[in-house]
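Plain wording is enough, with each term defined once.

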Amino acid sequence: MSSAVKNECINVPVSDFDPYAEDVLLNPYPYYEQLRELGPVVYLERYGAYAVARHDEVRSVLFDPATYCSSAGVGLANFLTEKPWRAPSIILEADPPEHARTRKVVARVLSPASIARLRPVFEQQAEILVDSIIQKGEIDAASDFCEAYPIKVFADAVGLPSEGRHNLLPYGDMVFNGFGPINERFKSRLAKAQEAVSWINNICRRENLTPDGLGADLYAAADAGEITHEEAGMLVRTLLSAGLDTTAFTLCNTIVAFANNPDQFEILKADPSLARHAIEEVVRHDPTFHSFYRTTTRPVQLAGVDLDKHQKIVVFIGSANRDPRKWDNPDKFDLNRKTMGHMGFGAGIHGCAGQMMARLEGEILLGAFARKVKTVELTGELVRHFNNTVRGLKSIPARVTGH
Amino acid sequence: MTKVTFIQTDGTQQSTQVPAGMSVMLAAVSNEVPGIVAECGGSAMCATCHVYVDPAFIDKLEPVSEAELEMLESAASARQANSRLSCQIIMDGSLDELVVHIPSNQV
């Protein structure tokens with residue numbers, strides 16, 4: 001990262017920082033620190049976009065959707081001047097008032113009351129999965145545990161058939177790469193995901209879903225006239241793109257956090273009811289989602305910097321969660337921390353609609369892990385999964401022992 | 001600064017001064033008011049910052065959004081006509097002396 005260059009015309013530090021470079025994706029946190037220290041708003045010259053990396057400015061942007069809109073795209077592309085790579089999402093890339101129509105339907109389907117019915121079967125599957133990794137002993141925690149659980153329980157909850165689920169992760173991977181620039185990484189995943197795209201489009205049709213799942217609930221909202229049937233299919237697709245990779249990676253980051261911090265694992269084992277809070281600290285400390293974009297709708301001053309209208313601005317939630325202006329000892333993974341105010345699930349009207357589902361899955365699986373697993377240690381090199389916006393692992397060689 | 005009073009089901013009261021622009025949820029969490037869980041941090045996604053607003057203030061609040069209404073249906077304690085998510089109540093001068101009641105359960 002270059003040192004700050006003061007651009008007198010627009011009064012903002014300029015940086016050549018590349019958030020999508022592999023060495024940054026391996027460990028973005030030292031780079032975030034540099035970015036935060038350059039100023040509250042920085043101009044990323046490689047991408048022609050402004051950036052915010054401090055907690056307060058990230059929060060200000062996310063809680064002001066009228067000024068910092070999503071309808072011009074949540075990736076780098078500015079839909080006001082560029083053609084979107086796919087039809088914009090009818091929930092994620094919609095602004096008020098249109099946004100409320102789809103959001104309320106998804107919010108209902110993923111609300112705590114709606115998903116509470118899933119708890120018994122989630123618990124049962126968690127027991128089975130934790131027993132199986134203890135029996136194996138030597139595992140790849142990424143595929144054997146972190147991916148396996150949401151691919152089983154979340155896909156069952158939505159109402160998918162059991163065949164073809166290997167398409168779910170490549171599909172989400174493609175979508176989340178699209179929250180950054182249209183770079184080589186994105187293009188290669190898009191090309192690789194074509195089989196997944198056609199499988200997903202087919203599976204989202206009503207006749208391919210079980211009659212009692214979350215997907216069916218979305219179609220019921222269409223029957224009631226709240227959305228169209230075509231939109232119901234698009235929202236099923238949204239659940240599938242947003243609900244698998246994210247949860248799998250959050251679980252990966254959880255296993256790594258506890259393997260690297262055995263003292264914290266001892267605290268959790270002593271009181272497995274901390275599991276839900278522990279997931280919260282994982283999502284604060286090493287969140288899955290790291291960045292996405294907004295677009296200014298009008299000239300606005302942000303932290304003393306004048307921004308013109310129709311400017312792209314990248315929001316680094318992964319950095320806000322480590323900002324020492326907000327957090328004491330932010331780099332420490334600490335179950336005693338109060339995590340309120342982290343933005344690992346985003347914040348404001350576009351805050352993750354599936355966050356209560358993520359918490360439910362995380363709490364139940366980590367709770368079972370804490371009760372049954374005695375030790376967890378890493379036995380080989382972690383293999384990072386490179387994605388423009390989400391952070392997770394491809395492989396976690398590990399050894400687990402049970403009680 | 002505007003004043004907000006939180007009343008627990010056992011009658012315990014706690015008052016605090018809140019700057020304009022801050023949500024009632026954040027005021028509660030910042031002051032460690034029991035019974036405001038606020039798991040989602042203000043995205044109207046968890047229904048764990050549910051409050052019953054004193055009827056004298058209910059008409060002064062911004063109307064309930066559709067997403068908030070969906071979440072209130074999910075609240076652990078029964079929804080009433082004066083139910084709101086405290087994360088969606090943003091303080092300003094017109095709400096000075098606001099009184100909210102904390103429900104018995106949030107989860």
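Helices (H or I, at least four residues) and strands (E, at least two) are DSSP runs, numbered from the N terminus. Counted in this way, chain A has 17 helices and 14 strands. The model is predicted, and local features need pLDDT of at least 70, side-chain atom pairs count only at pLDDT 80 or more, and totals for chains, interfaces and linings use all residues. Residues are numbered from 1 along each chain as its sequence is written, while chains are lettered from A and ligands numbered from 1 in the order in which they are written.

Begin with the overall form of chain A. Its C-alpha trace spans about 65 × 50 × 35 Å along the principal axes. The radius of gyration is taken over C-alpha atoms, and the globule rule is 2.2 Å times the number of residues to the power 0.38. For 403 residues a compact globule would come out near 22 Å, and the 21 Å of chain A agrees with that. A residue is buried if 20 or more other C-beta atoms lie within 10 Å of its own, exposed if 12 or fewer, and partly exposed in between, with C-beta atoms placed from the backbone. Of the 403 residues of chain A, 53% count as buried. Two residues are in contact if their C-beta atoms, placed from the backbone, lie within 7 Å. Among the contacts in chain A with a separation of 6 or more, 72% are between residues 24 or more positions apart.

Next come two pairs of helices. Axes are lines fitted to C-alpha atoms, for helices over the stretch in contact, and angles run from 0 to 180 degrees between N-to-C directions. Angles under 35 degrees count as roughly parallel, over 145 as roughly antiparallel, 65 to 115 as roughly perpendicular and the rest as oblique. In chain A, the axes of helix 6 (residues 119-136) and helix 7 (residues 141-158) come within 11 Å and cross at roughly 155°. Helix 6 and helix 7 of chain A are therefore roughly antiparallel to each other. Helix 6 of chain A brings A:Phe122, A:Gln125, A:Leu129, A:Ile133 and A:Lys136 to the contact. An α-helix has 3.6 residues a turn, so residues three or four places apart point the same way. By class (Ala, Val, Leu, Ile, Met, Phe, Trp, Tyr, Cys and Pro count as nonpolar, Asp, Glu, Lys and Arg as charged, and the others, Gly among them, as polar), the contact of helix 6 with helix 7 of chain A has 7 nonpolar, 1 polar and 3 charged residues.

The second pair is helix 13 (residues 245-260) and helix 17 of chain A, whose axes come within 11 Å and cross at roughly 40°. That angle makes helix 13 of chain A oblique to helix 17 of chain A. Helix 13 of chain A contributes A:Thr246, A:Thr247, A:Thr250, A:Leu251 and A:Thr254, and helix 17 of chain A contributes A:Ala358, A:Glu361, A:Gly362, A:Leu365 and A:Leu366. These residues divide into 4 nonpolar, 5 polar and 1 charged.

Some single residues deserve a look. A:Thr295 is in strand 7 (residues 291-296) of chain A, and counts as buried because it has 22 C-beta neighbours inside 10 Å. One of the residues that A:Thr295 touches is A:His310. A:His310 is in the loop between strand 9 (305-307) and strand 10 (312-316) of chain A, and its phi is near 65°, a positive value in a residue other than glycine. With 15 other C-beta atoms within 10 Å, A:His310 is partly exposed. In chain B, B:Ala47 also is not a glycine and has a positive phi of about 60°. B:Ala47 counts as buried, with 29 C-beta neighbours inside 10 Å.

The last stop is helix 4 of chain A. In the loop between strand 5 (68-69) and this helix sits A:Pro97, which a cis peptide bond with omega of about 0° joins to A:Pro96. Why is helix 4 of chain A largely enclosed by the rest of the structure? The reason is that 9 of its 12 residues are buried. These buried residues pack against helix 5, helix 11 (214-223) and helix 12 (229-242) of chain A together with helix 3 (66-73) of chain B.

The contact between the chains takes 16 residues from chain A and 16 residues from chain B. Helix 4 of chain A gives the most to the side of chain A that touches chain B, with 5 residues. That side divides into 8 nonpolar, 5 polar and 3 charged residues.
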